[in-house]
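Student: Can you walk me through this one? I'd like to start with the terms.

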Amino acid sequence: MNAPDHRRLALLFDIDGTLIITGGAGARSWRLAFDELYGIPADIGKFTDTGMTDPDVGRKTFEAVMGRKPERQEFARLLERRLHYLHQTVSESEHYRVLPGVEALLTGLVDDGCLVGLITGNLEAAAHIKLHRAGLNRFFSFGGYGSDSNDRAEVTRIALRRGSVVYGEELTPDRCLVLGDTPHDVAGAHAAGVPCVGVASHNFNSAQLAEAKADWVIESFEDGLPKEALE
Ligand SMILES: [Mg+2]
């Protein structure tokens, strides 16, 4: 049987607050890394905001708590320790969960022949550590990550190039769709010419995502995606 012919070839998902909630595992891993290296249990929430990429979070938090920029070696060690602790904080997190409807949606998209990727501010390794606990990595054979660029539009363009390589078909922005839970996701998608579905499942409500000019807004993935978004 041939798969239905979707006009959208590829769907690109944000991770935190869209696919999963780690229950603070990300922030805890940074705190443990700063504590081990400098004896300072740094709270990234005080110095950074949710739209920042991991490299930006690390640098800004370092500058805030140490009062200077990190040396190259210090930054390399910080990122290594942070990924080390992220394995632990994700596996220990009591409030880690997959958001409603995610697994069924991803399974259905793949069955329908949709290409599924990631767009995230996480370092590539951090993205995969976070998704591993829920067994979700298997759905995503390409993506754009915070380790590719600090600019979400560029992260999006990089993801499309990678998807094109993986699938041997050009992914033009108009045949893709970004799904994210914050105004940053909407802005990043639009800056790369890709429409965006806002998912009001976590930090932002429908009105805020509509205000941010999301092309469609849904409460969760439980009822699937708006049909028009896939056409
Ligand atoms: Mg998010």
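Tutor: Buried means under 20% relative accessible area, exposed over 50%, and partly exposed in between, with a 1.4 Å probe and protein chains only. This is a predicted model, where local features need pLDDT of at least 70 and side-chain atom pairs count only at pLDDT 80 or more, while totals for chains, interfaces and linings use all residues. Residues are numbered from 1 along each chain as its sequence is written, and side-chain values use heavy atoms, with hydrogens and water left out.

Student: OK, the metal. Which residues are the protein donors of the magnesium ion?

Tutor: D14 (OD), D16 (O) and D181 (OD), lying 2.2 Å from the ion. Donors here are N, O and S atoms within 2.8 Å of the metal (3.2 Å for Na, K and Ca); water is not among the atoms, so sites may look incomplete.

Student: How are those donors spaced in sequence?

Tutor: The pattern is D-x1-D-x164-D. D16 sits in the loop between β1 (10-13) and β2 (20-21), and D181 in the loop between β6 (176-180) and α8 (183-191), so this pair links distant parts of the chain, 165 residues apart. Helices (H or I, at least four residues) and strands (E, at least two) are DSSP runs, numbered from the N terminus.

Student: And D181, buried or exposed?

Tutor: D181 is buried, with a relative accessible area of 2%. D16 is partly exposed, at 27%.

Student: Next, α8. Which of its residues are buried?

Tutor: D185, V186, G188 and A189. They are on the same side of α8, because they cover an arc of only 170° around the axis. The arc is that of the directions from the helix axis to the C-beta atoms.

Student: What do they pack against?

Tutor: The buried residues of α8 pack against α7 (152-167), β6 and β7 (196-199). Contact means heavy atoms within 4.5 Å. Just after α8, G193 takes a positive phi of about 80°.

Student: Switching to strands. How many of the residues of β4 are buried?

Tutor: Five of the five, residues 115-119, so β4 is largely enclosed by the rest of the structure. L115, G117 and I119 point one way, and V116 and L118 the other.

Student: Which strands does β4 pair with?

Tutor: β1 runs parallel to β4, joined by four bridges, and A10 stands opposite L115. β5 (residues 143-144) also pairs with β4 in the parallel sense, over two bridges, with G144 as the bridge partner of I119. Two strands pair if DSSP finds at least two bridges between them.

Student: What about the largest nonpolar core, which members touch the most others?

Tutor: L11, F13, L19, L106, F140 and F221, out of 50 residues. Helix α4 (residues 72-92) gives the most to this core, with seven residues. A nonpolar core is a set of buried Ala, Val, Leu, Ile, Met, Phe, Trp, Tyr and Cys residues joined through side-chain atoms within 4.5 Å.

Student: What does F221 touch?

Tutor: Not counting residues up to four places away in sequence, F221 touches F13, T18, P100, G101, V102, L105, L179 and V199. There is also a second, separate core of 20 residues, which includes I119, C176, C196 and L209.

Student: Last one: where is E170?

Tutor: E170 is in the loop between α7 and β6. At 61% relative accessibility, E170 counts as exposed. Leaving out residues up to four places away in sequence, E170 touches L9 and S164.
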